[in-house]
Each structure stands twice: as C-alpha cells, then as structure tokens.
Amino acid sequence: MQGEKPDILVIGVPKPVIVGGLSTDFTVHRLNETRGPNEALDGIAARIRGIAVTYMVPGIDGAFLKQFPRLEIVSTFGVGYDHVDAAWAGRNGVVVTNTPDVLTEEVADTAVGLLLSTVRELPQSERYLRAGNWLERPYPLTRMTLRNRTVGMVGMGRIGRAIARRLDAFGVPMVYHARRPQPGLPYQHYPDLVAMARAVDTLMVIVPGGAETHNLIDAKVLQALGPDGVLINMARGSVVDEPALIKALQDRAIFSAGLDVYANEPSVPQELLAMEHVVLLPHVGSASLHTREKMDRLVVDNLLSWFVGKGPLTPVPETPWLTGKG
Ligand code: 8YV
C-alpha cells in the first residue's frame, strides 16, 4: 500500500486476527465495544476510510455511517449483514462486504446436527445419562425420527444447498420455498410457504435476516406445519415470530423446535428455556476456531484488497461495486 496508511475503525470485540491483520497496513482505531457504535468519535471520524465490524454489532445504519465523510468501505464479519444498512451504503457510494462461503460447510454441519438432536432428543438423552437415570431404566424411545420425514427448506442459498446435499445423503426427501424456483435443483419448489408447510413435517429455516423475511415463520405457517411438526431455525431470530412459536409449542400445535438464533440474543425467552423437549443452541452455527478464523481473515482481506485498488473480494449485492454506481 503506497502513501499514508488509511485509517480504519474497528467496531466490536478486538479479535486478534482482525486487529493484528490490519495493524501493518492501516492506522487502526477501536470503538469501545461496551459503549456501542454511537459514542463520541473524538475527532477521528473525518479521517476514517474503512470500517471493520468484528461481529453482529447492531445499529450500523445511515445515521451512524454518515458521520464518516471519507468512508469508502464497511467490511463486516458474518455472511448475514442485516446489522449494516447496506442499502444506505449502496446509495451513498460505500462498499459493504461480508464473509460468505468460508462458513458454508460449517453452518450446514451444525444445521444437520441440530435437526438430528431435535428429532432424536440427543441433548435430552445425554442429560438423562449424566443424571444417573440410565441405571434405573433405558431412555424412552423417541417419538420422532428422521425416517419418514420430509424437510421443507425455507431458503435455498449457498448454505441451504449445502444442507440439502447432506440430507440427500441421509435419504431424506426435500422440497423448498424460495422467491424464485432455482434451475437445476431436483426438489419441488413451493412459491407459497403455507402450502409447503402443510405438505411437510419439518422446516429448515436458512434465509437472510432483515425486513424482507421479518416474521416470515408466523402462526399461520406453524399451524400449517401441524402437530408432528419440527421447526429448525439456523437463520436469524427475526425470521420467526417468537411469541407465535412459543404459543405453538405450548399448545402442541407443532411438536418441537431446534433453534440456533433468537429475536433478542443473547437473551432467550424463559418460556423456551422451560421446555425440555426443545433444543436450544447459543448461535454456534459457524462457531469453530477453524471457521471463525477464516471469517476474521476475510474481514481483513476485503479491506486490504480494496485499499490496494483491487476492489472488494466479497461485496454484498447492494454494494455500488456490483450495481455500477461506484
Ligand atoms: C455468526 C452468522 O455467528 O455469519 C453469520 O451470519 O450468523 C454467524 O456466522 C454471527 O455473525 C455472529 O457474530
């Protein structure tokens, strides 16, 4: 990189791979993570040309971003970027990048693990053994099984396809709901989500968060899924109407749920915690050292690539780089 080092603002936990990776080529400033993104920027705002977001810090919106008159790029951690107003950035000539692909297989592995855990009650049977109950009698046979289930995929993007590949190998029939049918897929496409929920007994939710998918899984969808129904959410808490899900579980309108994400993380509703038959993971879809390091590295590499003039490596669709406005 030639000339003066660009000033980068790091928002969120100062991860070593990100802060260390940036420190040679950039002047790195850190926003105190405990005070969130809206604290006073102590006169550095005018110098900032790039922002690195190290996890899902909420509130990276237009009002926040417009404090930086020289801002060129926001490089955020995670494939989901609903915490960044990418549309505002796109309209204002700011590139946004995320970290797709490097987490696809890991999240798909976790999704299948959560599905199996939920239908075969694996966490519950493990708790049973630890409590010494096996010495008394065997764990009860599970009412649910993956055998004879049909999975309705809600979303068929990169991670959805990786999950589908795994379920194909398991011999599990699948159909999918996506805005448009996708060429080359052997599964039936349902344009109508309620109709798909009625036709299957298992939903695997793997769509992006944001306004378009807010409360997509509502009371009507859960009702259509029915009393043998299992809901797996690997996407964002915002995609599921959480109070409606709690009511459906309490009323046994559906049988169970496996959740990796919640509306108000890291807080999980007491009603869900109280349900023994529901499997709750603390948003660990991509959370291995192996994969998180690749995601952190991609946050850095997007900034490096941009500032040596090679363009962003993984821009989001709203970014001017793709729409030709930049
Ligand atoms: C992360 C994710 O756990 O990539 C995503 O969209 O949800 C996960 O990989 C998330 O970004 C939390 O920081």
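Tutor: We may, and please keep in mind that this is a predicted model. The axes of α1 and helix α11 (residues 289–307) come within 8 Å and cross at roughly 30°.

Student: Why are α1 and α11 called roughly parallel to each other?

Tutor: Angles under 35 degrees count as roughly parallel. The axes of α1 and α11 cross at roughly 30°, and the two helices are therefore roughly parallel to each other. As for the hand, α1 passes α11 in a right-handed crossing.

Student: Which side chains meet in a salt bridge with an N to O value of 3.0 Å?

Tutor: Those of Lys15 and Asp296. This pair links distant parts of the chain, with Lys15 in the loop between β1 and α1 and Asp296 in helix α11, 281 residues apart.

Student: What makes the contact of Lys15 and Asp296 a salt bridge?

Tutor: The criterion asks for a side-chain nitrogen of Lys or Arg within 4 Å of a carboxyl oxygen of Asp or Glu. Lys15 and Asp296 have an N to O value of 3.0 Å, so the pair qualifies under that cut-off. Side chains of opposite charge can pair when their charged atoms come close. Both Lys15 and Asp296 are buried. The structure holds 15 salt bridges.

Student: How are α4 and α6 placed relative to each other, and what makes them oblique?

Tutor: Their axes come within 8 Å and cross at roughly 55°. Roughly parallel needs an angle under 35 degrees, while roughly perpendicular runs from 65 to 115. With a crossing at roughly 55°, α4 and α6 are therefore oblique to each other. The crossing of α4 and α6 is right-handed.

Student: Why does Arg166 count as buried, and what are Glu105 and Arg165?

Tutor: Buried means under 20% relative accessible area. Arg166 has 18% relative accessibility and therefore counts as buried. Partly exposed covers values between that cut-off and 50%. Glu105, with a relative accessible area of 36%, is therefore partly exposed. Arg165, with a relative accessible area of 49%, is therefore partly exposed as well.

Student: Which residues have a positive phi although they are not glycine?

Tutor: Asp101 has a phi near 70°, a positive value in a residue other than glycine. Asp101 sits in the loop between β5 (95–97) and α4. Glu121 has a positive phi near 55° and is likewise a residue other than glycine. Glu121 is found in the loop between α4 and α5 (122–130).

Student: Are Asp101 and Glu121 buried or exposed, and how do you know that?

Tutor: Asp101 has a relative accessible area of 44%, so it is partly exposed. Glu121 has 17% relative accessibility, and with the limit for buried set at under 20%, Glu121 therefore counts as buried.

Student: Which residues make the nonpolar surface patch, and why can Val13 belong to it?

Tutor: Val13, Tyr55 and Met56 make this patch of about 230 Å². Val13 is in the loop between β1 (7–11) and α1 (16–23). Patch residues need over 30% relative accessible area.

Student: Where is the cis peptide bond?

Tutor: The cis peptide bond joins Glu265 and Pro266, with omega about 5°. Pro266 lies in the loop between β11 (256–259) and α10 (270–273).

Notes
Residues are numbered from 1 along each chain as its sequence is written. This is a predicted model: local features need pLDDT of at least 70, side-chain atom pairs count only at pLDDT 80 or more; totals for chains, interfaces and linings use all residues. Side-chain values use heavy atoms; hydrogens and water are left out. Patches are made of residues with over 30% relative accessible area and no salt bridge: like charges are joined within 9 Å, nonpolar side chains (Val, Leu, Ile, Met, Phe, Trp, Tyr) within 5 Å. Accessible areas come from the Shrake-Rupley method with a 1.4 Å probe; for residues, only the protein chains shown count as cover. Helices (H or I, at least four residues) and strands (E, at least two) are DSSP runs, numbered from the N terminus. Axes are lines fitted to C-alpha atoms, for helices over the stretch in contact, and angles run from 0 to 180 degrees between N-to-C directions. Angles under 35 degrees count as roughly parallel, over 145 as roughly antiparallel, 65 to 115 as roughly perpendicular and the rest as oblique. A crossing is left-handed if the near helix is turned anticlockwise from the far one by less than a right angle, and right-handed if clockwise. Buried means under 20% relative accessible area, exposed over 50%, partly exposed in between (1.4 Å probe, protein chains only).
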